[in-house]
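Please look at the sequence and the model shown here before reading on.

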Amino acid sequence: MASQSANSEGAELGRFLRARRTRTSPEHVGLTVGAGVRRTPGLRREELATLAGISIDYYVRLERGKETRPSPAVLDSLARALHMDDEEHQHLRELAARAARYAPEPPPAPSRTVRPHLKLLLESLRPNPAYVISRSMDVLAWNPGGLALYAGLEDWPAKHRNLARYLFLHPASRNLFPDWDRQITACVARLRAVAGTAPDAPDLTNLVGELLLKSPDFARLWERYEVTGRKPAQKTFHHPRVGTLTLTSQSMQLEGTPGRRIGVYTAEPGTPDHDAMLLLDMTAPATARHREVPRASS
């Protein structure tokens, strides 16, 4: 079991390096491309190895998952050669750390239970839409606006309410978001970042497997292996019940619950966006009132 886990972790490190290499053009890193057709998209392995100051054999072993203990200096050199940003560089370090640990068993699926005081907190945030979300984007608890904001999500059984699943599989999501393409790209990048450091976690593998099977858009973006963290941002919703509203989103990690966070949307009081938010809270259907999320069947 330990060797299988090591291979899995090393393969994930290799997949990330290969994805970044094939999406980095020679021109972007200052290389002059000669005449003729290049068969390899992006950088060749030998080009990246030269830029990073390591042997081609060593780099090939890294990319194939056979080398699982690169030094911090090698990781930093690869990150510089590939022009990684800070988040990508950190993700590379985390993948390498996991590859070196040889975890013997996959982690268990996290509990779906939400503590009562968090439900009270969500209620106190009304009329601001708010919810508690897991690392795999399951919506575990909500206030009326927090669920009603995602038009049609309340029609799904509680155990299937997941924001990634909603974006890719719910027919209402494309109409809800005017920038749907940007939303799905950011969604996959966040899932990639989490799944890369917990590749055997059942909550993540089950979701990713479902979306790979059911959504060509998800499969296309998953293959690109972009990673990013969450940033405060404004989102515009074309809501079928309250019209168009633009809200500012904020996400915060919850103490004592690894991987869980609370998401809250706000609008400046006295603005049309705030008025629409109030209306959404007041007119949320009964199905948007919180009920305990049932445990997943074993």
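## Sheet and helix packing

In this predicted model, 5 strands form an open sheet with antiparallel pairing, in the order β2-β1-β5-β4-β3. Strands β2 (139-142) and β3 (233-239) stand at the edges with a single partner strand each, so one side of each has no neighbour in the sheet. From one strand to the next, the twist averages 30 degrees.

Strand β4 (residues 243-253) runs antiparallel to strand β5 (residues 261-266), and 6 bridges join them. Gln250 has Val264 of β5 as its bridge partner.

Helix α6 (residues 116-124) packs on the sheet, where α6 touches β1 (130-133), β2 and β5; the direction of α6 makes about 150 degrees with that of β1. Helix α13 (residues 272-283) lies across β3, β4 and β5 and runs at about 80 degrees to β4.

| Helix pair | Angle | Axis distance |
|---|---|---|
| α2 (residues 45-52) and α3 (residues 56-63) | about 110 degrees | 9 Å |
| α4 (residues 72-81) and α5 (residues 86-101) | roughly 145 degrees | within 10 Å |

The angle of about 110 degrees between α2 and α3 makes α2 roughly perpendicular to α3. Their crossing is right-handed. Arg45, Glu46, Leu48 and Ala49 of α2 meet Ile56, Tyr59, Val60 and Glu63 of α3; the residues of this contact divide into 5 nonpolar, no polar and 3 charged.

The crossing of α4 and α5 is right-handed. Here Leu75, Asp76 and Ala79 of α4 make contact with His89, Leu92, Arg93 and Ala96 of α5, a set of 4 nonpolar, 1 polar and 2 charged residues.

Technical notes:
Residues numbered from 1 in each chain as written. Predicted model: local features only at pLDDT ≥ 70, side-chain atom pairs only at ≥ 80, totals over all residues. Heavy atoms only, no water. Axes fitted to C-alpha atoms, helices over the stretch in contact; angles between N-to-C directions. Helix = DSSP H or I, 4+ residues; strand = E, 2+ residues; numbered from the N terminus. Parallel < 35°, antiparallel > 145°, perpendicular 65-115°, else oblique. Left-handed = near helix turned anticlockwise from the far one by under 90°. Contact = heavy atoms within 4.5 Å. Nonpolar A, V, L, I, M, F, W, Y, C, P; charged D, E, K, R; others polar. Pairing = 2+ DSSP bridges.
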